[in-house]
Amino acid sequence: MSTIEQIEKLREKANVTYAEAKAALDAASGDMLDAIISLEKQGKVKAPANGGSFSASPPKHEEYQGKKAKEKERGESFSSLLGKFFRWCGRMIAKGNVHMLEVRRHGETILQVPVTVLVLMLIVAFWVIVPLLVVGLFFGFRYFFCGPDLDKTGVNRVMDAAANAAENIKKDVLGSDD
């Protein structure tokens, strides 16, 4: 037996008369969904525009390729961009582990640190590491980068020029005090 509220609700949803709504609800034992399905089968209610169907079967190869093409048109997905970023980070860490920062004094190597460790120290303690490196220049320390890619660049010339500049400043300051 259907209530007036159910009949009213079905009438609004399905756009049918009271008599049709009551008959459908009575036939469906008061189940609203079954009543709507019954009215659809009778042709009294239009089915949803998109067909209202769902399939759990995997997409056909053509459909999958179409989705991939649409994704390429829109740009790359977030997960693929994230994957590229992590692969790039992995390559940079691997390169940083191969290249070293050498700390020398009077031509003797005092310390060798992977560039990855140097970068991490700069990130964590920038305001401590940079002043220590600068003060080290005034105490005669020289910094050199070595590794497969860094030996070919001018970075060591720049580091040597900085050490020479520190030596000149030290001589100017000490020379004026005498």
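Reader: Among contacts in the protein chain between residues at least 6 apart in sequence, what share joins residues at least 24 apart?
Author: This is a predicted model, where local features need pLDDT of at least 70, side-chain atom pairs count only at pLDDT 80 or more, and totals for chains, interfaces and linings use all residues. Residues are numbered from 1 along each chain as its sequence is written, and side-chain values use heavy atoms, with hydrogens and water left out. A contact means heavy atoms within 4.5 Å. Of the contacts in the protein chain between residues at least 6 apart in sequence, the share joining residues at least 24 apart is 43%.

Reader: Which pattern does the protein chain follow along the sequence?
Author: Helices (H or I, at least four residues) and strands (E, at least two) are DSSP runs, numbered from the N terminus. The protein chain has 7 helices and 3 strands. Read along the sequence, they give α-α-α-α-α-β-β-α-β-α.

Reader: How much of the protein chain counts as buried?
Author: Buried is under 20% relative accessible area, exposed is over 50%, and partly exposed is in between, with a 1.4 Å probe and protein chains only. The protein chain has 178 residues, and the part that counts as buried is 19%.

Reader: Let's turn to the helix packing. At roughly what angle do the axes of helix 1 and helix 3 cross?
Author: Axes are lines fitted to C-alpha atoms, for helices over the stretch in contact, and angles run from 0 to 180 degrees between N-to-C directions. The axes of helix 1 (residues 4-14) and helix 3 come within 11 Å, and they cross at roughly 40°.

Reader: Which class does that angle give helix 1 and helix 3?
Author: Angles under 35 degrees count as roughly parallel, over 145 as roughly antiparallel, 65 to 115 as roughly perpendicular and the rest as oblique. With a crossing at roughly 40°, helix 1 and helix 3 are therefore oblique.

Reader: Is the crossing of helix 1 and helix 3 left-handed or right-handed?
Author: A crossing is left-handed if the near helix is turned anticlockwise from the far one by less than a right angle, and right-handed if clockwise. Where helix 1 passes helix 3, the crossing is right-handed.

Reader: How do the residues of the contact of helix 1 with helix 3 divide?
Author: Helix 1 brings Gln6, Lys9, Leu10 and Ala14, while helix 3 brings Met32, Ala35, Ile36 and Leu39. Ala, Val, Leu, Ile, Met, Phe, Trp, Tyr, Cys and Pro count as nonpolar, Asp, Glu, Lys and Arg as charged, and the others, Gly among them, as polar. The contact therefore divides into 6 nonpolar, 1 polar and 1 charged.

Reader: And which residues of helix 2 and helix 3 make their contact?
Author: The axes of helix 2 and helix 3 come within 8 Å and cross at roughly 120°, and the two helices are therefore oblique to each other. Helix 2 passes helix 3 in a right-handed crossing. The contact is made by Glu20, Ala24 and Leu25 of helix 2 with, from helix 3, Met32, Ala35 and Leu39.

Reader: Glu20 also forms a salt bridge; with which residue?
Author: A salt bridge is a side-chain nitrogen of Lys or Arg within 4 Å of a carboxyl oxygen of Asp or Glu, and by this rule the count comes to 5. For Glu20, the closest N and O atoms are 3.6 Å apart, and the partner is Lys44.

Reader: How many residues apart in sequence are the parts that Glu20 and Lys44 tie together?
Author: Glu20 is partly exposed at 25% relative accessible area, and Lys44 is partly exposed at 37%. Glu20 lies in helix 2 (residues 18-27) and Lys44 in the loop between helix 3 (32-42) and helix 4 (61-74), so the separation in sequence is 24 residues.

Reader: About how many helical turns separate Asp26 and Lys22?
Author: Their side chains meet in a salt bridge, 2.9 Å from N to O. Asp26 and Lys22 are 4 residues apart in helix 2, so the separation is about one helical turn.

Reader: In which loop does Ser29 sit?
Author: Most residues other than glycine have a negative phi. Phi of Ser29, however, is near 55°, a positive value, and Ser29 counts as exposed at 65% relative accessibility. Ser29 is found in the loop between helix 2 and helix 3.

Reader: What is the relative accessible area of His106?
Author: His106 lies in the loop between strand 1 (100-105) and strand 2 (108-114), and its phi is near 55°, a positive value too. His106 is exposed, with a relative accessible area of 73%.
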